[in-house]
Amino acid sequence: MDKFIIHGGAKLNGKVKVEGAKNSSLALMPATLLTCGTSVLKNTPKLKDVFTMIGLLETLGVKTAFADHTLTIKIEKLKSQDAPYEYVKKMRASVYVLGPLLAKYGKAKVSMPGGCAWGPRPINLHLEGLKKLGAEIDLEEGYIIAKSKRLIGTEINFEKKSVGATGNLLMAATLARGTTIINNSAMEPEITNLVQFLNKMGAKISGKNTQQLVIEGVDELKPARIDTISDRIEAGTLLVAGAITNGKIELSECNTTHIKSIIQKLEECGCKILVNNDIITLDASDSEIIASDVSTSEYPGFPTDMQAQWIALMSVAKGNSKVTDNIYIDRFNHVPELLRLGASIKMDKNTASISGVKKLKGAKVMSTDLRASASLVLAGLVAKGTTEVLRVYHLDRGYQFIDEKLKNLGANIKRVKGDEY
Ligand code: EPU
């Protein structure tokens, strides 16, 4: 397992490009299962999770080619509708194949995702929604067995907003007979990107930016081309890297509308931000970072996927702050590791109370999940001395060559391959 060795203290400076969004790709790729033929997904990031989804699709009989950042997915005849445990245990987003397989082939067998590093992450909303669309769902030996004749349009009222359940049901409903209405649907940009792709395939989905999606079922969908939106969490993480090091950085190919809540918070902290179309410049070179509270919520609120990175920033900000995660109340694995670097953080349920310290001090820390790892890398960038971030494979799941990008911005960061230590 690779690790990063970071010598903290370098101010980041320079330009960096934002990649395509992981969480869009992970929905767009399985959506192609609704079609036969060749679809093209542009701006696909080169990430471990994307390769896991490629592996899963290939297990089903799909052919893929991935050159530059263009992913071509060719579907002639599937050889299976089974998503095995070995994929789902690696990546929960594998469950996205359930809706399309069921809608297109009338059956799917998908391993039930187990626990997650930061607590329970149920998929009850996916399953209840599919049942409402007429599917028969059983659980056998850890597998969800879903069957149906053609799904039938219905009204679904989510008790809670869910990105994954919205995506899965959206895909399933495109081929259902009649109209499906999803109330209280997620409206994350990644869902909008999926709606755009499905409509290009010939689906009839309206209301894409509202909390109600209306899907008029069609008999058939055709392959399509789509541009994957840029990754708002990678953008946010890089901006925090600029802020935490009192640096000056420019991000290109960034959808700045998608990160308004992050920009607003960084400005509250004293960072100077300039937005020019898809370019964003952050200048924290002569600002002191002032503590600012954050409470995560669904889009367009402050994303849970930036909570860990924000805690890293607040650990060295001037003053006290509170960071509350309302989406995942247990997602705080980074906190004990940040304490090892000298941060002052107290947890009370889903709220971290942080007293900014003048200096963090380098230490060995352990990555436990993707965003927790990002938070540790950010802290390492400012910690005095050397920080070793172990098990960075978590980072490789969701950030394309993050070490290279940070190095190009002036960070003193080195990847040590697992077999070299
Ligand atoms: N929930 C339920 N039942 C369900 C589904 C969700 O109770 O059936 C709850 C969850 O426990 C959570 C809330 O609803 O409290 C929202 O979960 P959601 O379903 O929206 O999350 P997800 O679809 O599993 C996606 C992203 C996550 C991101 C969340 C929230 C993908 C592949 N994953 O997960 O991304 O944190 O939405 O925005 O799109 C990450 O990139 O690091 C990551 C974890």
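**Ground rules.** I'm working on a predicted model, so to speak: local features need pLDDT of at least 70, side-chain atom pairs count only at pLDDT 80 or more, and totals for chains, interfaces and linings use all residues. Residues are numbered from 1 along each chain as its sequence is written, and side-chain values use heavy atoms, with hydrogens and water left out.

**Helix α6.** Helices here are DSSP runs of H or I, at least four residues, and strands are runs of E, at least two. I then checked burial (under 20% relative accessible area, 1.4 Å probe, protein chains only). In α6, 11 of the 12 residues are buried, including G164, N168 and T174. At the N-terminal end, S162 is the cap, with a side-chain oxygen 3.5 Å from the backbone nitrogen of G164.

**T32.** I found T32 in the loop between α1 (22-31) and β3 (37-42). T32 counts as buried because its relative accessibility is 0%. A polar atom of its side chain lies 2.6 Å from the backbone oxygen of M29.

**Sheet.** I traced four strands in an open, mixed sheet, ordered β6-β7-β9-β8. β6 (82-83) and β8 (136-140) are at the edges with a single partner strand each, so one side of each has no neighbour in the sheet. Pairing takes at least two DSSP bridges between strands. β7 (residues 107-111) and β9 (residues 143-147) run antiparallel over five bridges, and K107 has K147 as its bridge partner in β9.

How values were computed:
Buried means under 20% relative accessible area, exposed over 50%, partly exposed in between (1.4 Å probe, protein chains only). A polar contact is a pair of N or O atoms within 3.5 Å; within protein, one must be able to donate a hydrogen and the other to accept it, and residues adjacent in sequence count only if both atoms are side-chain atoms.
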